[in-house]
Number of protein chains: 2
Amino acid sequence: MTTTSQPAVVLLSGGLDSAVTCALATEQGFRVHALTVDYGQRHDVEIAAARRVALAMRVARHVTQRIDLRAFGGSALTADLPVPAYRPAEANPAPGVPMTYVPARNTILLSFALAFAEVTGASDIFIGVNAVDYSGYPDCRPAFIEQFERLARVATRAGVEGRVLCIRAPLMHLNKAQIVLEGVRLGVDLGVTHSCYDPDEQGRACARCDSCHYRREGFRQAGIADPTVYRS
Amino acid sequence: MTTTSQPAVVLLSGGLDSAVTCALATEQGFRVHALTVDYGQRHDVEIAAARRVALAMRVARHVTQRIDLRAFGGSALTADLPVPAYRPAEANPAPGVPMTYVPARNTILLSFALAFAEVTGASDIFIGVNAVDYSGYPDCRPAFIEQFERLARVATRAGVEGRVLCIRAPLMHLNKAQIVLEGVRLGVDLGVTHSCYDPDEQGRACARCDSCHYRREGFRQAGIADPTVYRS
């Protein structure tokens, strides 16, 4: 563990994974500049959760960037399409990339994080992607993170001036139970995080979608009580 | 020259270069989905120019995405800093990356173009960057474009499903005079395009900034009358 007062940009969605990622960056001594991108997702409850997490973590700064991916459409999270229920891989006739994939989402999120890093002088960008208990999105894989890091180094003033930018994905190889346990170890108030793709108007989780499935299973396997309010 | 009715995404800023790029994509038979990103630049006149170019080129669709890079600051184009006058390289004590560089701008623009390409089924993304008569931005160089293309192929559903995404920068190795001549050859109404970093309230160009300098020189060297309205 290093202790520095270096700035780092942390992408903060309000979900479990990004909250634990933010706590890890803080534990490593970084001065956290949190960035939330509101991309027109159905659930504003996610943005509210990001705000609560940022407050609870006492980040140095929290910026919300609003964009409109609904202008393009093409995902159950941003268009008027139903959110599918979780299906185990063996029961899924067409595995591939699921409907809940938001086109180029993590590329866009990391691009904004890169701009923020340029301005704050941060060399480190944290993102809570995970390639174990996840939905099979192409932009959650190690190959994507490595490639973005290479891009970041040629794309920026920092790169030209010799500052080495790093994209850190500390949860990449953890399963959801391990992420829950990391959150508990770090004292993250997991109750303020939000994971569901399809919450109701009161913000209650659906208990049906991929994201609810992985979250529930993670808590169960970790042996930790799940503080999530489910509607069923 | 190929003739297809394949969709392509074209980044359209309203400037000379992106207008010529758009005309090249059209000439190659692509059905153009134009994308303008309004990143809070000082000059709304640029957005108005993009609209005029899109209309004149009869693109299939024109989407404007509004983002707020001013939330991050750090560039003369998005913060309250003066736009510097052009200085030839030999008179410039600190060449490096100029103040008008907008942090991670082209990474952000291409990320949005990538999302749009995913949704429209386009395999080709056109961007009017140029590494000859330009201001020395890191994200205008061939190495940046090549690296983004590699990223696009691992970042997306298209990549996973075997569709090969290409980032096309057809002006990369042309000088400004050659770009002007391409515009004339393709019948682009160059008078509707806007290049200046620091226009006045009537939209008149400053004739001082890097962008005005390269534009003026381009027209002069091409032997084409410059339709730009300068305030001096």
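Which elements of chain A make a right-handed β-α-β unit? Strand S1 (residues 7-11), helix H1 (residues 16-27) and strand S2 (residues 31-38) make that unit, where helices (H or I, at least four residues) and strands (E, at least two) are DSSP runs numbered from the N terminus, and where a crossover is right-handed if, with the strands pointing away from the viewer, the path from the first strand over the helix to the second runs clockwise.

This is a predicted model, in which local features need pLDDT of at least 70 and side-chain atom pairs count only at pLDDT 80 or more, while totals for chains, interfaces and linings use all residues. Residues are numbered from 1 along each chain as its sequence is written, and chains are lettered from A and ligands numbered from 1 in the order in which they are written.

**Strands of chain A**

Strand pairing requires that DSSP finds at least two bridges between the two strands. S1(A) and S2(A) pair in the parallel sense over 5 bridges, with Leu11(A) opposite Leu35(A) of S2(A). S2(A) also pairs in the parallel sense with S3(A), over 6 bridges, and there His33(A) has Arg61(A) in S3(A) as its bridge partner. Of the 8 residues of S2(A), 6 are buried, so this strand is largely enclosed by the rest of the structure; a residue is buried if 20 or more other C-beta atoms, placed from the backbone, lie within 10 Å of its own, exposed if 12 or fewer, and partly exposed in between.

**Contact between the chains**

Chain A and chain B each bring 36 residues to the contact, two residues being in contact if their C-beta atoms, placed from the backbone, lie within 7 Å. On the side of chain A, strand S3 (61-66), helix H3 (105-120), helix H4 (142-155) and helix H5 (157-160) each supply at least two residues, and the largest share, 9 residues, comes from H3(A). That side divides into 23 nonpolar, 8 polar and 5 charged residues, with Ala, Val, Leu, Ile, Met, Phe, Trp, Tyr, Cys and Pro counted as nonpolar, Asp, Glu, Lys and Arg as charged, and the others, Gly among them, as polar.

Leaving aside neighbours within four places in sequence, Ala113(B) is in contact with Val9(B), Leu11(B), Leu35(B) and Ile125(B).

Helix H7 (residues 210-222) of chain B has 13 residues and reaches 18 Å from its first C-alpha to its last, close to the 18 Å expected, the expected span being 1.5 Å times one less than the number of residues. The buried residues of H7(B) include Cys212(B) and Phe219(B), and their cover includes helix H1 (16-27) and helix H6 (176-185) of chain B. Gly223(B), with a positive phi near 70°, follows H7(B).

**Loop residues**

| Residue | Phi | C-beta atoms within 10 Å | Exposure |
|---|---|---|---|
| Arg58(B) | near 50° | 8 | exposed |

Ala207(A) sits in the loop between helix H6 (176-185) and helix H7 (210-222) of chain A, whereas Arg58(B) belongs to the loop between helix H2 (44-57) and strand S3 (61-66) of chain B.
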